[in-house]
Amino acid sequence: MEPLLVVSRLTKGFDGVQVLHGVSFSVGAGEVLGLAGPNGTGKTTILNIICGLVRPDAGAVIFDGQDLTELPPHRIAALGVGRTFQLPRPLRELTVFENVLVAVAAGRGVLRARDRAKAREILARVGLSDRELWPAGRLSSGAMRRLEVARALATCPRLLLLDEPFAALSIKEERELMALLKSLNRQGLAMILVSHSRRILRQLAHRVLLTTAEGTFREGTPGELLADGELET
Amino acid sequence: MNRAAVLAFVLVVSLLAVVPWLTTDRFLLNLLILANIYTIYVLGWDFLGGLAGHSNGGHALSFGGAAYLSGLLTLAGCPAWTIPALSLFGITLVGALLGWLFRRLDGAYLLLATLAVAEVAHELSLALGFTTPEGYTIGGEGGLPVAPLLAREADWFYGCLFWISLFFLALTVLVLYWIRCSLPGLKIKALAQDAVVAQTVGLNPDRFRVATFAAGTLVGGLAGVLYAQYMGVATPSTLSLEFSFVAMTVSIAGGKGTIIGPAVLSYLLNVLLGWLWVAPVVRLLLYSSVAILAARWFFGRGREA
Amino acid sequence: MEQELQLALSGLLAGFTYALVAVGLTLVFGITRVVNLSHGAFFALGAFVTCSVVQWGGRGFLALPLVFVLSLLLGMGLERWVIRPVRRHHAVVAIVTLAVAIFMEQIFQLVWGPDYQSIPRELPLVGFMGTLVDLQQIAAALVAVVLLLVLFGLLRTRIGMAVRLVAQDPEGAALVGIDVPRVQTVVFGVACGLAAVAGNLTAFAHSIYPAMGRVPLVMALAVVIFGGLGNVHGALVAGLILGLVASGVSFYVSPEWSYITMLLVIAVGLLTRPSGLLGRVGRRD
């Protein structure tokens, strides 16, 4: 079966610093690919390129047979790619509910009753129902991360790009988020998960792509890379 | 949607509507007509700069541009009844074009670019002019005459124009407020707060940029067309930097993006400053001080904007 | 040919004083990321104060230190109490500096009146090899050049390096112990002072009236955008080039069209340069 996402020979430099040196990988439908490696080795850049916020110097991104490389971010989102950010970026002056609602109804001109129900349902899934009417800026950082996931889910993605979603979460919050992501993955949602934690990657990722400071990368299962001592905790 | 605010607004408008029946005092009617017109003008900025977050440094262009289009169409001999609509259409097109042209700009850069364009228009209005064989000056400081739809000499001219301007003010406030509380308004706010995030959930920033510029210019242009009809002339001051500045100040001080707040503030300021015959120098001192203080109040360190 | 030469010379000399204004604006942008729309009003302040000094019987160039210190202090106060509180909000800073400019214009009108004023020149026009040479303009340009050299010299000293570090990496500068807010305030004040000095130097050459700061502001903005936002050497070169262009258009067409040309340079310049500069700016903001 054709993989859902094929990334080939992505190259990117910023202000004379080469960050990506021709990275290639693929993600199958329903698969979770972990992205690990030291800071500054381009993990977030890879995500930015896939979702269209950054244009690569060379290389291509094919999603479900469609070339995403030249498309603007909003079109890529409509095609089924969702994104969360490393530092949560809630729309602070909108309520939690509105944050999700605007994503649910992004492609429409008029709100339908279905949209409100769907937003409510998504918020229930991430456990934010009790804070629906709060201004998003008031949430704790753990709750903000869940809002990030909720907002990304609202666009009905088939591929979810998660940039360190577990950072700074309490044990309880981490467990809840892990359960949510696992359940979403069981339902067929593919993911690319950037994380430093081997514990997280071992639980969630089917395969891991390890980036290095020199620009090379290694691919394997979490078990393989752990055994070689490549992954740190 | 703040039902109480809308209700209060409708009440106030209804009360105002009675005024021409109570008095024919031209001074008062003139004051109120200009208050209506200038408030519509400010709302144009509040929508584009306040709600959508695109700081337009040249909002006077929509007002004076529409007025001057009316003048130019008059010069070209267009039938008087077509002029308002054509002027409005023309300036809205210009606004949409500028929105598209400057779509990659934000913040102070957008403000500067739009300010520059408006200043060019202002300079052209001052510099371009000619004298007819009969000795009349057309253009330059004196501006362009505008063919009126209503006879200015008639008794009921002031009353009529008051009702017309009041009607359009009420319409503008209600429509803009409704947009603000609706789904498009939500999207506009989302894009204003974080365009990057908004794009990743599927919102098209360029399309909204052009739409909000068109809308803001349309509203400002509406005020300009009404002004041209009322005054019978389009003058360079309608394109001035000070005039653009006033729109920004009143919108920010009234609570930018709230529509109702700036509308109320604009109305009160215009009536008060007009009633007291406050000189332009003092007015501008007041507005500039208010701008500095309001900016500090709403955007000062420690307060989230 | 003589006329062209004279024009070119005049434009070049004017360019030096414009460069003074533009370099100050560039510095401010580089250090504080602020687009200062009140810059022109300080130019006007310099001219007005010079006007008063002359009217009280003093000499124009003696007013120079007074003008500089006055504007330095005013500018520093402005940065500290008006601009700094809202610095995070790009557009609001522009609006606030615009408010300051308009406020100052009204003050000028109240104190000095709305009419056009002028002061006499102190150095004469002399004939030299068949052309008219404006000694005062040359003197003004010389002073401007000296000030610019002093400025560039200062930028090479330890103080200057601190300033440059703040421009490139404010967080890093703070970590090394540099008082970043103090540097920003002082640089802003110095820039305002330089603008006022430019106003003093050229006060003899044109009419003095409340809104006279707008043309220099537009010129300076055009130079800064054309020469590269935050690029001090670029501002210098651009200042000279645009000074020539402005002179030429002013002479061959009209002063109004010279102003319009500079406005178009701003609009078109912003159109064609945003992503690279904004990108870099954005990452820091």
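So, where is B:W277 found? B:W277 sits in the loop between α12 (260–275) and α13 (280–299) of chain B. Helices here are DSSP runs of H or I with at least four residues, strands are runs of E with at least two, and both are numbered from the N terminus.

Quick housekeeping first. This is a predicted model, where local features need pLDDT of at least 70, side-chain atom pairs count only at pLDDT 80 or more, and totals for chains, interfaces and linings use all residues. Residues are numbered from 1 along each chain as its sequence is written, while chains are lettered from A and ligands numbered from 1 in the order in which they are written.

B:W277 has a phi near 55°, a positive value in a residue other than glycine. Most residues other than glycine have a negative phi. B:W277 is exposed, with 7 other C-beta atoms within 10 Å. For the cut-offs, buried takes 20 or more other C-beta atoms within 10 Å of the residue's own, exposed takes 12 or fewer, and partly exposed is in between, with C-beta atoms placed from the backbone.

Buried or exposed? A:E164 is buried, with 20 other C-beta atoms within 10 Å.

Now the sheet. Chain A has an open sheet of 6 strands in the order β6-β7-β8-β3-β9-β10, with mixed pairing. Pairing means that DSSP finds at least two bridges between two strands. At the edges are β6 (81–83) and β10 (217–220) of chain A, each pairing on one side only. Inside that order, β7 (residues 159–163) and β8 (residues 190–194) of chain A run parallel over 5 bridges.

Next, how do the chains meet? Contact means that the C-beta atoms of two residues, placed from the backbone, lie within 7 Å.

Chain A and chain C share no contact, and their closest C-alpha atoms lie 9 Å apart.

Let's stay with chain C. It comes to 12 helices and 2 strands. Its radius of gyration, taken over C-alpha atoms, is 18 Å, close to the 19 Å that the globule rule gives for 285 residues, so chain C is as compact as a globular protein of that length. That rule is 2.2 Å times the number of residues to the power 0.38. Of the 285 residues, 52% count as buried.

Last stop, the core. A nonpolar core is a set of buried Ala, Val, Leu, Ile, Met, Phe, Trp, Tyr and Cys residues joined through C-beta atoms within 7 Å. The largest one has 269 residues, and those with the most contacts inside it include B:L112 and C:V96. Leaving out residues up to four places away in sequence, C:V96 touches B:A291, B:I292, B:A295, C:V82, C:I83 and C:V86. Thanks, everyone!
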